[in-house]
Amino acid sequence: MPAIASSKSYRVGRSKTGLGLFATKPIKKGTRIIRYFGPILDSRIPEQDDIENKYLFELNGRWTIDGSVRKNLARYINHSCRPNAESDVRPRERKVFIRAIRNIEPGDEINYDYGTDYFKAYLKPIGCKCESCEKKRKKLRAEARAEAAKVKARKAKKVVAKNLLAKASKSKAAKKKKLNGHAVVKANGRVRA
């Protein structure tokens, strides 16, 4: 049986994405951190199936936990594509526990992967704000800026080469003069016919 974190091993705090759950003490890998709880909804009852909020946690095709109750601090755990915790779903018991999948240091935000359905419905339209996705976007933006700088440098090089070529042809044209119908070229300050 996994160890259970003490009730004061986490706190709600300000996160990049709003509010989040943060560790206040070291949490070891495999430790059960918190229980996700709330009223159990039955999808066969139309009134309960029509409830819409971001805190619904589906246990299976029939049962869902409505985690929007204020006492459910687990609802503050944010999504991450590279999480430090995961959900331990027990549909027969109608319970969900969040447990650490790696060691969590004090001050670290506790997060888990919400799954593809939630991601597609809520996160993809606005863009995932988790740390790993932010790093990916930052890297892609830096690569795009570097590529744009290369393209700009190539264009500038072409313009400089074109200007040099134009200048060279102008100076050749200026050196050639016609004298009585014959072309005269100045070479080393001398005029030849």
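Ile34 has Ile98 of strand 9 as its bridge partner. The model is predicted: local features need pLDDT of at least 70 and side-chain atom pairs count only at pLDDT 80 or more, while totals for chains, interfaces and linings use all residues. Residues are numbered from 1 along each chain as its sequence is written, and side-chain values use heavy atoms, with hydrogens and water left out.

Strand 3 and strand 9 (residues 95-100) are antiparallel and share four bridges. Strands here are DSSP runs of E with at least two residues, numbered from the N terminus, and two strands pair if DSSP finds at least two bridges between them.

The loop between strand 7 (78-79) and strand 8 holds Asn84. Asn84 counts as buried because its relative accessibility is 6%; buried means under 20% relative accessible area, with a 1.4 Å probe and protein chains only. The side chain of Asn84 reaches the backbone nitrogen of Asn111 at 3.0 Å. Residues touched by Asn84, leaving out those up to four places away in sequence, include Ala100, Arg102 and Glu109; contact means heavy atoms within 4.5 Å.

Elsewhere, strand 6 (residues 63-66) is joined in antiparallel fashion by three bridges to strand 4 (residues 40-42), with Leu41 partnered by Thr64. Three bridges also link strand 5 (residues 56-58) to strand 6, again antiparallel, and Glu58 stands opposite Thr64. A hairpin of four residues connects strand 5 to strand 6.

Definitions and conventions
Buried < 20%, exposed > 50% of the residue type's maximum accessible area, 1.4 Å probe, protein only. Polar contact = N/O pair within 3.5 Å; in protein donor to acceptor, adjacent residues only side chain to side chain.
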